[in-house]
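Here is a short note on this model. Please read the points below alongside the structure.

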Amino acid sequence: MTDQTPASAPNQRTIDAVNTSLKRRRAKERRFRRLGAAAVALGLLFVALLFTDIIAKGHTAFQQTYIKLPVALERAQIDPEGSGSAEVIARANYLGIIRAALREHFPEVTARRDKRALYQMVSVGAPQLLRDRVLADPALIGTTAEVWLLADDDIDMVVKGYIDRDLPESERRVKDRTLGWIERLEAEGRIAKRFNTIFFTNGTSREPELAGIAGALAGSFYTLALTLLLSFPIGVGAAIYLEEFAPKNRWTDVIEVNINNLAAVPSIVFGLLGLAVFIGIFGVPRSTPLVAALVLTLMTLPTIIISSRAALKSVPPSIREAALGVGASPLQTQFHHVLPLALPGMLTGAIIGMAQALGETAPLLMIGMIAFIVDVPAGFTDPATVLPVQIFLWADSPERGFVERTSAAIMVLLAFLILMNLAAVLLRRRFERRW
Amino acid sequence: MQDWILLLVLLAVMTAAYHLGRRRAVIGAGGPSQVHRLHSLPAYYGLYAALWAGLPALLLLALWVGLQDQLVLMLLQAQLPEEMTAGLSEGRLGLLVNDIRNLASGAMLSTEITPELQAAADQYARLDQLGQWSMWTAVLALALTGGWVAWGRTHPGFKARNQVETMVMAIMVLFSSIAILTTLGIVLSVLFESLRFFSMVSPLEFFLGTLWSPQTALRADQVGASGAFGAVPLFTGTLMVSAIAMLVAVPIGLLSAIYLSEYAPRRLRAVAKPVLEVLAGIPTVVYGFFAALTVAPFIRELGQSVGLDVASESALAAGLVMGVMIIPFVSSLSEDVINAVPQSLRDGSYALGATESETIKRVIIPAALPGIVGGVLLAVSRAIGETMIVVMAAGLAANLTANPLDSVTTVTVQIVTLLTGDQEFDSAKTLAAFALGLTLFAVTLVLNVVALHIVRKYREQYD
């Protein structure tokens, strides 16, 4: 169609013109096709790159370095009167006990500065962990037990190979002295990586080895639960009214355009709204799942309304006519007959909206979810943070140990998102119905 | 915590009202065998009673919880002795009130506990307790009154279904107007704060000034004490990052949409399409992390190896990753419009002897162009409003530059930085964030309206 050169010579026919250009056109065709395939391949490559990068950085965080030392839990130091009361045991000086165990194992360390470096090999959280251990098992008192002590994040980084042992000492965070101790402990089999339960049971912390995602997970849970509770009924109610009852006039046109636009408003603007209206005017406490849920509800509402309307649209009119024909009222028709048939589609939309809300960060920064909160929240009005904000905060932390933890938190977040999307797909497959 | 208990109690009251109302209707009709004498199904009488008992009380509860704190604080401040409040600025007063509250709740205090403070704290605790008690009484009384009204109206001829349906309908209308209220809330709150900002800084300086340094100084005589609010560097930074993102997303997204809808074998399509859509579901904070810790160092090393000076937070890194994020957005929107082009146009082109790529380039793309343009506009609006990637990977320095290897800042980054530190609602620094928010909202709104209009108009064309 492109080369319509008029046959200038009397004996040249169109077919000849086509034939001469055909090779070039075929080559063009192949080039174009390859270009398209390359674009798809590039897109797939990005997906692969993103996932391998995150997993490569994060998988090590699921293990944590511990140092095994014989720790003398002398009765005189922990519970001198043998009272056995938890209060007395809890108050003992476990830091001193751990330090004594370190000195015992490395008797040659005597200089003050060396000792300080030696003490720093063990995490500042180790005394508390030891206390919990003794409280759980008071029979240990009076014995010398082999205890796995949580190592400091620097030691952890060396053992995991993130700090290069061959670098010159001046460029390395961990000095030769400490490195020698690590190597000795390794030779004795006293350093090992064990499963990192702290990551799943602790709130956040300034120390990488003590930081966990339990607080953020709980915060995300409360926020999402409340968001779903608010946005699903409101979204479905609005969808039923707009799709089935609203008169077709200017006003409903405005609402329709408005909902479509809200779906495309940048999420950060919802954060400004939350800050000015919910916190500024209504005095909802900041950094709580409550205010986060209110903001996320407004944000996910358009998604849920749009998908719920699509689900209602796919229910054939014959169902409505049959119900009305046997005497059901318009509302009975909707709630008894149309809604049950549209529900799977609505739920799919709700799950997708919740997945969006789970990954949302920007508006929550505006309403104080960025605060440093160690405690695991226990309700809708406790100060809390959520998983994506935790990821943002950790990504900003300078310590090397937080890089793997951030990646690991991302892996947990992605796992939840994949599960939710999978649930949506399965729901759609299971209940998809052609009328 | 007590509010939640009250909510549960209220739910219990509603359940009880349901059963009582239903029972009264059934008994009034003359027992379970006579329900046909009722106007509506028995459940509607129960629902009627439950709604009457629950709705007004719930509304009151919500209002009360929202306002009680402020009311108690107002009363408290009015009752504070003169010598405590004399000569205190508003901020100091706020601190004092905070101390009183903390003391009342038994938290740690920053200041010494004086007898006056203790007295005020006791007073606060009393007022708070009083508020709690009156809330319980008022809410429960309203619930019982509502239930009693419904009880009085219930008789066999009563049209309970119609009443319940009217109420449900009203609730649904209320729900659908929330979308409008949200837009109104956004516009009003952002506009209001912006107007306050523009009363301090002239709009001309804001929209045309080229110096951005919002840090207002602590002391009046410090260097740069006034702060400068010229937002042009932010606009150019936003435009540059978005342009880089579109340069990545539009070719890759469009070409992969064409390949997947016109060329790809069915099996490849079934795998590649959902995998590409995974990119759309990944939270932006993950992209931000990827951009800041993987892409930016990679670009910097690459630049250094060829002797270029690349900032560690370059616009290029943020733009590239943002482009990757937008790929599925562009590709799924363009695929929709490409699929909407009728097969007859393709068949006509093939019949004239065109190859597939000629058909795509000269028939399908021109036919689908309005839709594609609309989709690209939507993608631009998404890129402009994107926050986390630029917060994590682009810089804070407001450079007016055209070099993508330099560090730039964007509107969204500045909104986040201005609002995540200490806030005073009156300072120009905080209010500037709302002015930026208004600009962002207005620009994206215009883009969206235009894009949605084009897309919709186009869709109807071939229906």
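1. The C-alpha centres of domain 1 and domain 2 of chain B are 48 Å apart. Domain 1 of chain B spans 2-158 and domain 2 spans 228-461. These bounds come from an automatic or database domain assignment.

2. This is a predicted model: local features need pLDDT of at least 70, side-chain atom pairs count only at pLDDT 80 or more, and totals for chains, interfaces and linings use all residues. Residues are numbered from 1 along each chain as its sequence is written, with chains lettered from A and ligands numbered from 1 in the order in which they are written.

3. Chain A has domain 1 (60-196) and domain 2 (214-431). Their C-alpha centres lie 46 Å apart. Seven residues of domain 1 of chain A contact seven of domain 2 of chain A (C-beta atoms, placed from the backbone, within 7 Å).

4. In chain A, the axes of helix H15 (330-359) and helix H18 (401-431) come within 9 Å and cross at roughly 170 degrees. Helices are DSSP runs of H or I, at least four residues, numbered from the N terminus. Axes are lines fitted to C-alpha atoms over the stretch in contact, with angles from 0 to 180 degrees between N-to-C directions. H15(A) and H18(A) are therefore roughly antiparallel (an angle over 145 degrees).

5. In chain B, residues 133-151 are 100% helix and 0% strand, with end C-alpha atoms 27 Å apart. Residues 171-192 of chain B are also 100% helix and 0% strand, and there the end C-alpha atoms are 30 Å apart.

Note on methods:
Helices (H or I, at least four residues) and strands (E, at least two) are DSSP runs, numbered from the N terminus. Two residues are in contact if their C-beta atoms, placed from the backbone, lie within 7 Å. Angles under 35 degrees count as roughly parallel, over 145 as roughly antiparallel, 65 to 115 as roughly perpendicular and the rest as oblique.
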